[in-house]
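Keep the structure open as you read along.

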Amino acid sequence: MPCNEINGHSRKVKKRRCSFYKIYYAAAAIAIYYHMKYLLKQGNRFLYSHGWNWVRETLNTPGESYNMFRMESNAVLKLEKLLVSKGWLHPSNEMTSLEALTMFLWSCAHSETNRNVQNKFGKSGETVSRKFGEVLDSLCLLATEIVKPPDFNFVEIPSKIRDDNRYWPHFEGCIGAIDGTHIPAIVPTEEQIRYIGRKGFPTQNVMLVCNLDMLFTFVVVGWPGTAHDTRILSTTIEEMKDVFPHPPEGKYYLVDAGYPNMKGYLAPYKGERYHIPDFRAGSQGEGVHEVFNHAHSSLRNVIERTIGVWKKIWHILSDMRPFPLMKQQKIIVATTALHNFIRKCGIEDEEFNKCDHIPGYMIDHGEERINHEDMDSFNPRRVQDGGYMDRARNRIAVGLVGNRNR
């Protein structure tokens, strides 16, 4: 066979071999990728029992459960039992229901990343994400049962008013307080502008309602940080009227000066000292308006203390993780349910204890309130109450001054 024919044949054989090896290595790479991603699920870094052992050790060590899960052991067990009995939370082959719950609590209490949770519990990223979502959904269902007033008619006068001469009988119609607070939001770049308000970074403006026992009774999520508090309230009143706990005749919520003084919503006098720090050296105010504002502020700060405790316990509310926006909103709702559950359990809690036993105790939760927002463009219909709430405010103010002069 001529040399040129031999050389041509050799080149063809080498080319076929080269193509075969390329296909072989490509197939092997695909198989390894599939095995690592779908069969090993990024690999459980520890034995299956690693996370469960840590959970049991934490629950059985005095003080550690509160440090790690922001709830004492008996409260964690009680919550797990409740969620399971309701059929909202289920165990799986990868994780017990208690382990899933504590994983969620630890994540929200310390704003942990998915990678940190994987390392702590020895689970794959997919398992962590899925179980987090399951617990989140179960707590949102719990919120529908416990984040609401115990009585929508508000018949009973709160003991905080009835048993305190500073407020009784002047504020006998008060049923709670309303305020907005900003929670960091992780949103796509193209949507960031409308979420960047006065904080300078993307936030959600969340409206919260609480009673005088520091229990949340309503929460509104989904509004961007640029939305005004009054716009959120007025839209809620109109568009969520079937579920919002409206104040009955003669009852009202306390609101700050960023809201209008309208029927069912009692605001302070504008242009006068209002916030507690404004009244230095124990001064209770001078004149009818300041006397009213001082009493109004000291009673309304229940919402500020409630928000402060809520944010201090659940650090994820100050350092949100990059979940989809809907999931971020669910986390806000779920943590209000956890807040109420802890409070209703009647179990000792460090932050609630400070609020209950230290007069005037306040938690700085990073909110800078602006009391004189321009609300001309919103002007809800309910503002047109014929001066009803102005007259009610004046009556209370005169009564407070008369009581002080006795």
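Predicted model: local features only at pLDDT ≥ 70, side-chain atom pairs only at ≥ 80, totals over all residues.

## The turn end of a hairpin

Strand 3 covers residues 216-220 and runs antiparallel to strand 2, with four bridges joining the two.

Together, strand 2 and strand 3 make a hairpin, and five residues lie between them. If you look into the turn, you will find Met214, which has a positive phi of about 65°.

## Strand 2, covered on both faces

Is strand 2 mostly covered or mostly open? Strand 2, residues 203-210, is mostly covered, with eight of its eight residues buried.

In a regular strand, side chains alternate between the two faces of the sheet. Here, Thr203, Asn205, Met207 and Val209 point one way from strand 2, while Gln204, Val206, Leu208 and Cys210 point the other way. Residues of both sets are buried.

## Strand 1 and its two neighbours

Strand 2 also pairs with strand 1, residues 174-184, in the antiparallel sense over eight bridges. One handy landmark is His182, whose bridge partner in strand 2 is Asn205.

Strand 1 pairs with strand 4 (residues 252-254) too, this time in the parallel sense and over three bridges. Cys174 has Tyr252 as its bridge partner in strand 4.

Putting the strands together gives an open sheet of five, in the order 3-2-1-4-5, with mixed pairing. Strand 3 and strand 5 (265-266) are the edge strands, each pairing on one side only.

Technical notes. Residues numbered from 1 in each chain as written. Heavy atoms only, no water. Buried < 20%, exposed > 50% of the residue type's maximum accessible area, 1.4 Å probe, protein only. Pairing = 2+ DSSP bridges.
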